[in-house]
Amino acid sequence: METTVIPSGTVVVGVDGSPSAALALDWAIEQARLEQRPLTLAHADLDGGHDVRAVLDEAWARIHERAPHVAVYEVTAMTDPRTVLLDLAERAALLVVGSRGRGPVTSLVLGSVSVAVTRHASCPTVVVRPGHRGIVRHGVLAGVDGTEHSLVPLEFAYLQASLRRLPLTVLHCSRDLLPDSDDELRLVVSETMSGLGEKYPDVRARVELARGPADSSLARAAQRMDLVVLGVDHAGEHATLGTLLGGSVSVSVLEHATCPVALVPVHAGGGW
């Protein structure tokens with residue numbers, strides 16, 4: 001790997017010259033600007049099949065155009081992109097990737113790199129999905145289960161809503177939600193949110209309850225959102241809604257979302 005030493009707390013973005021990576025770069029530039037964090041461009045290619053310098057120079061030009069004061073670092077390597085990104089995640093505050101790159105894919109929509117990093121990255125990962133222009137969007141959506149395991153991804157959602165001046169919708173899904181249990185569940189979720197409401201008083205947050213499978217409820221709600229935030233537990237200890245293991249629910253939402261999706265490890269150290 002050829003690299004300068006990257007700072008702790010950087011925003012890392014994978015760049016490979018693809019349209020998907022270009023969307024990820026734009027999102028990462030804005031995130032670095034809003035949080036006043038350094039930005040690290042990561043490029044890795046097993047066969048060196050295209051002009052690395054041209055890809056990086058194009059990225060630098062985009063950064064200079066949109067956020068000229070952001071400090072920028074580079075990491076390049078002739079190896080598997082998944083290895084590089086997962087290594088960089090150990091020092092990153094946030095990892096940003098496109099949903100599909102130049103390489104082979106492991107599913108209909110998601111690229112092999114995005115699947116790997118969402119399942120294994122030690123820091124929050126944002127997969128930037130292509131959207132539909134002209135759709136009115138309604139802010140940040142966070143999926144929670146009302147337990148303590150929701151707190152880390154929920155705080156990430158509050159932070160993003162605050163940074164981007166967006167409203168926050170906190171969604172709790174249940175397959176067996178009875179009509180007379182709505183108020184009780186709403187209270188449980190609201191209690192989980194109470195401290196964060198004090199920490200981020202500028203965020204307008206509301207609770208929504210949904211019946212049915214979590215994946216379809218979240219995917220449906222995500223169609224008009226700017227960002228979706230889900231929790232993941234890579235250890236697989238808590239596979240509830242607020243701690244969505246990188247499996248069926250999170251992959252389903254990722255494949256159907258028309259906005260960026262953030263996967264936040266429930267045991268993340270909170271570097272952001």
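Visitor: Which residues does Leu168 touch, not counting residues up to four places away in sequence?

Guide: Contact means heavy atoms within 4.5 Å. By that rule, and leaving out residues up to four places away in sequence, Leu168 touches Val140, Ala142, Ala157, Tyr158, Ala161, Val203, Arg204, Ala205 and Arg206. The model is predicted, so local features need pLDDT of at least 70 and side-chain atom pairs pLDDT 80 or more, while totals for chains, interfaces and linings use all residues. Residues are numbered from 1 along each chain as its sequence is written, and side-chain values use heavy atoms, without hydrogens and water.

Visitor: Where is Thr169 found, and what is in contact with it?

Guide: Helices (H or I, at least four residues) and strands (E, at least two) are DSSP runs, numbered from the N terminus. The protein has eight helices and eleven strands, and Thr169 belongs to strand β8, residues 168-174. With a relative accessible area of 3%, Thr169 is buried. Its contacts, leaving aside neighbours within four places in sequence, are Val140, Leu141, Ala142, Arg206, Glu208 and Met225.

Visitor: At what angle do helices α1 and α5 cross?

Guide: Axes are lines fitted to C-alpha atoms, for helices over the stretch in contact, with angles from 0 to 180 degrees between N-to-C directions. The axes of α1 (residues 19-35) and α5 (residues 151-164) come within 10 Å and cross at roughly 85°. That makes α1 roughly perpendicular to α5, since angles under 35 degrees count as roughly parallel, over 145 as roughly antiparallel, 65 to 115 as roughly perpendicular and the rest as oblique. Trp27, Glu30, Gln31, Leu34 and Glu35 in α1 meet Leu159, Gln160, Leu163 and Arg164 in α5.

Visitor: Where does Leu151 lie, and is Leu151 buried or partly exposed?

Guide: Leu151 is in helix α5 and is partly exposed, at 39% relative accessibility. Beyond four places in sequence, Leu151 touches Thr192 and Leu196. The C-alpha atoms of Leu151 and Val266 are separated by 7.9 Å, although these residues are 115 residues apart along the chain.

Visitor: What is the phi of Gln36, and of Arg165?

Guide: Gln36 has a phi near 55°, a positive value in a residue other than glycine. Gln36 sits in the loop between α1 and β3 (39-44) and is exposed, at 73% relative accessible area. Arg165 likewise has a positive phi near 55°; Arg165 lies in the loop between α5 and β8 and is exposed at 79%.

Visitor: How many disulfides are there?

Guide: A disulfide is a covalent bond between the sulfur atoms of two cysteines. Counting pairs of cysteine sulfur atoms within 2.5 Å gives zero disulfides. Cys123 is buried at 4% relative accessibility, and Cys259 is buried at 2%.

Terms used:
Buried means under 20% relative accessible area, exposed over 50%, partly exposed in between (1.4 Å probe, protein chains only).
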